[in-house]
Amino acid sequence: MLTKTITTMTYSFRSVNTALALSLPLVLTLSTLSPLPALAETTIIKNVKGYTFTDGELMTFKALKFTDDKVDRIYKLTDQIDSASDATVIDGKGRVMLPGLIDAHGHVLSYGLSLMRVDLMGSPSEQDSVARVKDFAQKNSDSKWIQGRGWNQVQWPSNAFPTAASLDKVFPDTPVVLSRVDGHALWVNSKAMAVAGIDSTTKEVDGGQIIRDKNNQPTGVFVDNAMDLIFKSMPALSQQDMEVALEKSMRSLASMGLTSVHDAGISKQNIAAYQSLIKKQSMPIRINAMVDVMDSNWKATLAKGTSLSDDKKLQINSVKISADGALGSRGAALIEDYSDMPHHRGLLLHDDKTLGNIIHHAMQAGFQVNTHAIGDNANKIVLDHYQNAIAKTQSRDLRHRVEHAQVLQMSDIERFAEMDIIASMQATHATSDKNMAEDRLGSERIKGAYAWKTLLNKQVIIAAGSDFPVESPNPFFGLHASLTRQDKQNLPKGGWYPEQAMSMAQAFKSFTLDAAYAGHQESYLGSLEPEKQADFILVDQDIFAIPGKDIWKTQVHQTWVGGKKVEF
């Protein structure tokens, strides 16, 4: 508050000094109109059941006091509430107060766009998916390209990739582009392929795959880097389009209890859209943005250095690299063949030299490196490069991360601990993948997959997230999965490989303090303590007291960011 007052006063004095050189009447006019320092606003929210970490220990409290955007005090159960005469007092009505939850890996723009496109999440078949697209098209007849997301052939009776033919029957003349649930494959119709100039003569793309029939004709599915063949022909989003989608996304995320998100891989244009929203004071939550090395401007962006906006709403100090694809589309890079597909070991999205150069360049530039690695081969390769580049750049303190860290050799789990590498993991991936993961990996490799407890036992920090829109952004789904290793139907009974389940305190910490630590933000986020940001939520049930099976049902009543209530 003092800094703000001094800044405002200095501006006023400069205005007066300039005016003195002109005339006395002008001085009086400017003095009258000069902005006055804003008065501090103190608020006390009482009658809550609060939980937060303090000094690494989980504690409970009954009231919270904050001034403007910072916490002043938390009142323990035995403390007397010293209500200041000028404070606004709010009755929490016995609700549960938690620090704002943090998703350490999501895709904000993609989620916002998904809210404005065909939703294929949970679709039970290829035919149902086509019907959903048809329904969307009828309601959005002005769409020149029809886009959607969320199909998952593993959940269909056929368990087979879809084809352009099923879309062509309904959409012979309008391009249709549908992203798989994990974002690592596209399903398109023939019109989209024609616009992109794709036919049987189209060459394969390094780090990608065009699914073809026996006559070498593309069937309509493009995996990983091959998706670029479609993307390059699609109309680009304007900055205004981006801003609308980003704000829509962030307000939806706030409604679920998220006050901060690590946006996993964004372009120069995406950064500009965020910066515009900052200027308009239209950022409802905080974003820790990772620069995507697939963006052609990434090196120029890094050359500008790291940054943090004055309101701490937008931070840029990390890069996002993708080493391989996803397990569901068999793009995750494995050391040995897929158990359900002999002679196939997935896809590496960069050759070894290129990957090493990217990692080294980013570390040398002073940026935290966050690399997507799902298969055990991708994880091993990334750790090898980290070990080499950290030694050369002396950048261990930058807290480099592996995003997903999904399938690990036991020996590589040790290396996470040895190098202080953060495992940025998504609990709901395990409960979504449980029906296919062991088919892909077999009974031995599965022991090193989704191995949360094994990593925690080695003192590895896990930063929790969801990878939305691949999964729901709802953090209470993630807390439920972390604790139970079950889906929302509480299956399988007893949990899927339950020995890897977290305790409730560990899960909560992974969505709060440890996620903040993973973003170099633990000094002002992740817990409710004096001088930290007043980011908190009020929810309808006590996640530490109810049965674990009910955690996912938790409803958020209010979300506050920087001492201001967010309107959903």
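Me: Where is the place of Pro469 in this predicted model?
Reply: Pro469 belongs to the loop between strand 22 (462-465) and helix 17 (475-484). The bond that joins Phe468 and Pro469 is a cis peptide bond, with omega about 5°.

Me: What is omega for the cis peptide bond from Leu491 to Pro492?
Reply: For this cis bond, omega is near -5°. Pro492 is placed in the loop between helix 17 and helix 18 (504-510).

Me: What is the phi of His520, and why does His520 count as partly exposed?
Reply: Phi of His520 is positive, at about 60°, although the residue is not a glycine. The relative accessibility of His520 is 25%. Partly exposed covers values between the buried limit of 20% and the exposed limit of 50%, and His520 is therefore classed as partly exposed. His520 sits in the loop between helix 19 (513-518) and strand 23 (536-539).

Me: Why does Glu531 count as exposed?
Reply: Exposed requires over 50% relative accessible area. Glu531 has 53% relative accessibility and therefore counts as exposed. Glu531 is likewise found in the loop between helix 19 and strand 23. Its phi is near 80°, a positive value in a residue other than glycine.

Me: Why is Asp91 called partly exposed?
Reply: The relative accessible area of Asp91 is 42%. Asp91 is in strand 6 (residues 88-91). Leaving aside neighbours within four places in sequence, Asp91 contacts Lys46 and Asn47. The C-alpha atoms of Asp91 and Ala303 are separated by 49 Å, and these residues are 212 apart along the chain.

Me: What makes helix 11 and helix 12 oblique to each other?
Reply: The axes of helix 11 (residues 352-364) and helix 12 cross at roughly 40° and come within 9 Å. Roughly parallel requires an angle under 35 degrees, and roughly perpendicular starts at 65. The pair is therefore oblique. The crossing is right-handed. By class, the contact has seven nonpolar, five polar and two charged residues.

Me: Which residues of helix 11 and helix 12 meet?
Reply: Among them are Leu355, Ile359 and Met363 in helix 11, and Ile381, Tyr386 and Ile390 in helix 12.

Me: Why are helix 12 and helix 13 called roughly parallel?
Reply: Helix 12 and helix 13 (residues 410-419) pack at an angle of about 30°, with their axes 11 Å apart. Angles under 35 degrees count as roughly parallel, so that description applies to helix 12 and helix 13. Their crossing is left-handed. In helix 12, Leu383 and Asp384 are among the contacting residues, and in helix 13 these include Arg415 and Phe416. By class, the contact has four nonpolar, two polar and five charged residues.

Me: Which residues of helix 15 are buried, and what do they pack against?
Reply: In helix 15 (residues 437-445), Ala437, Arg440, Leu441, Gly442 and Arg445 are buried. The limit for this class is under 20% relative accessible area. The buried residues of helix 15 pack against helix 12 (376-393) and helix 14 (427-433).

Me: How many contacts does the stretch of residues 1-34 have beyond near neighbours in sequence, and what pLDDT does the protein average?
Reply: The protein averages a pLDDT of 92, and 93% of the residues score at least 70. Over residues 1-34 the pLDDT is below 50, and the stretch has 18 contacts in the model beyond near neighbours in sequence.

Conventions:
Residues numbered from 1 in each chain as written. Predicted model: local features only at pLDDT ≥ 70, side-chain atom pairs only at ≥ 80, totals over all residues. Heavy atoms only, no water. Buried < 20%, exposed > 50% of the residue type's maximum accessible area, 1.4 Å probe, protein only. Helix = DSSP H or I, 4+ residues; strand = E, 2+ residues; numbered from the N terminus. Contact = heavy atoms within 4.5 Å. Axes fitted to C-alpha atoms, helices over the stretch in contact; angles between N-to-C directions. Parallel < 35°, antiparallel > 145°, perpendicular 65-115°, else oblique. Left-handed = near helix turned anticlockwise from the far one by under 90°. Nonpolar A, V, L, I, M, F, W, Y, C, P; charged D, E, K, R; others polar. pLDDT = per-residue confidence, 0-100.
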